[in-house]
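Q: I have just opened this one and would like someone to walk me through it slowly. Could we go through it together?
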Amino acid sequence: MTTNFNKLALPLVLMGIMALTRFDHFGSAFSLPDASLAVFFLAGMGFSSLWFFALLLLEAGMIDYLAITQFSVSDFCISPAYVCLIPTYAAMWFAGRYCTTFKALGFSDSFKTFGLATIATTVAFVVSNGSFYVLSDRFGQLSWTQYLTQSAQYYPLYISAALIYIVIGLAIVKLWKATHQMATVES
C-alpha cells in the first residue's frame, strides 16, 4: 500500500510544484521562481520510465499555453527555440537518473548529487539560452559577445532557483527515508 501510494504521490507532488511555479521564471513578490528544472531532475531520480518525462513535457507545454492565452503572460519566449526545452529538460532528467547511483544520501553522495545538479543546470542554461539566441530571431544584430554578456546576468538566478529546489527536495527525501527507517526498526 505504501509503495503504491508513493508511486502515485511523488509524481503528483512534482507535477503540482511545476504547475504552481511555472508562471514566472525568476519569481516575484507574488510568485515563487519556476521549479521546472528541479522537477525534471528530481523526477529523473525517482522514475526510470520515460513516460513520466514525456508527461512532464506535456504539462510544461500546457501550462505555458494557459499562461499565455488565459493569464496574459508574455509570449516573448515562444519561438522556434521552444522545442529546445526538450534537450534542456532532458539534461536535468538524465542527470537525475545518473544520481540514482548515489543512494545513501550521506555527505559524499549528497555532494556528488549537488555537483551533478550544478553541471546539469549549467548545461540546461547554455542549451536553452543559446538556442533562444540562435533560433528566436529576437536579438537583431546583437553579437555573441554582447548576448553572452547580457545573458550572463541571468545565470545566477537561473541556477540558484533550481539548486535551492533540488536541495529542498533531497532534504525531504532524506528526512522521509530516515523517518521510514526508524518506523521500520520500531516495528
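**Met92 and its surroundings**

A: Leaving out residues up to four places away in sequence, Met92 touches Leu37, Phe40, Phe41, Ala120, Thr121, Ala124 and Ile166, where contact means heavy atoms within 4.5 Å. This is a predicted model, in which local features need pLDDT of at least 70 and side-chain atom pairs count only at pLDDT 80 or more, while totals for chains, interfaces and linings use all residues. Residues are numbered from 1 along each chain as its sequence is written, and side-chain values use heavy atoms, with hydrogens and water left out.

Q: Okay, and where does Met92 sit, and is Met92 buried or exposed?
A: Met92 belongs to helix H4; helices (H or I, at least four residues) and strands (E, at least two) are DSSP runs, numbered from the N terminus. Met92 counts as buried because its relative accessibility is 0%, with buried meaning under 20% relative accessible area, exposed over 50% and partly exposed in between, for a 1.4 Å probe and protein chains only.

Q: How far apart are the C-alpha atoms of Met92 and Phe41?
A: Their C-alpha atoms are separated by 4.6 Å, although Met92 and Phe41 are 51 residues apart along the chain. Not counting residues up to four places away in sequence, Phe41 touches Met92, Trp93, Ala95, Gly96, Cys99, Thr113, Ala117 and Ile166.

Q: Which residues have the most contacts inside the largest nonpolar core?
A: They are Phe41, Phe52, Leu56, Met92 and Ile166, in a core of 37 residues. A nonpolar core is a set of buried Ala, Val, Leu, Ile, Met, Phe, Trp, Tyr and Cys residues joined through side-chain atoms within 4.5 Å. Two or more residues of this core come from each of helix H1 (2-21), helix H2 (36-46), helix H3 (50-70), helix H4 (85-98), helix H5 (107-135) and helix H7 (155-186), and H2 gives the largest share, eight residues.

Q: Back to H4, then: at what angle do H4 and H5 pack?
A: H4 and H5 pack at about 170°, and their axes are 8 Å apart; the axes are lines fitted to C-alpha atoms, for helices over the stretch in contact, and angles run from 0 to 180 degrees between N-to-C directions. The two helices are therefore roughly antiparallel to each other, a label for angles over 145 degrees, whereas under 35 counts as roughly parallel, 65 to 115 as roughly perpendicular and the rest as oblique.

Q: Which residues make that contact?
A: H4 contributes Leu85, Pro87, Thr88, Ala91, Met92, Ala95 and Tyr98, and H5 contributes Leu116, Ala120, Thr121, Val123, Ala124, Val127 and Ser128.

Q: Switching topic, how many disulfides are there?
A: A search of the whole structure finds zero disulfides, a disulfide being a pair of cysteine sulfur atoms within 2.5 Å. Cys84 counts as buried because its relative accessibility is 17%, and Cys99 counts as buried because its relative accessibility is 0%.

Q: And what about the whole chain, how many helices and strands?
A: The chain has seven helices and zero strands, and buried residues make up 37% of its 187 residues. Of the contacts with a separation of 6 or more, 73% are between residues 24 or more positions apart.
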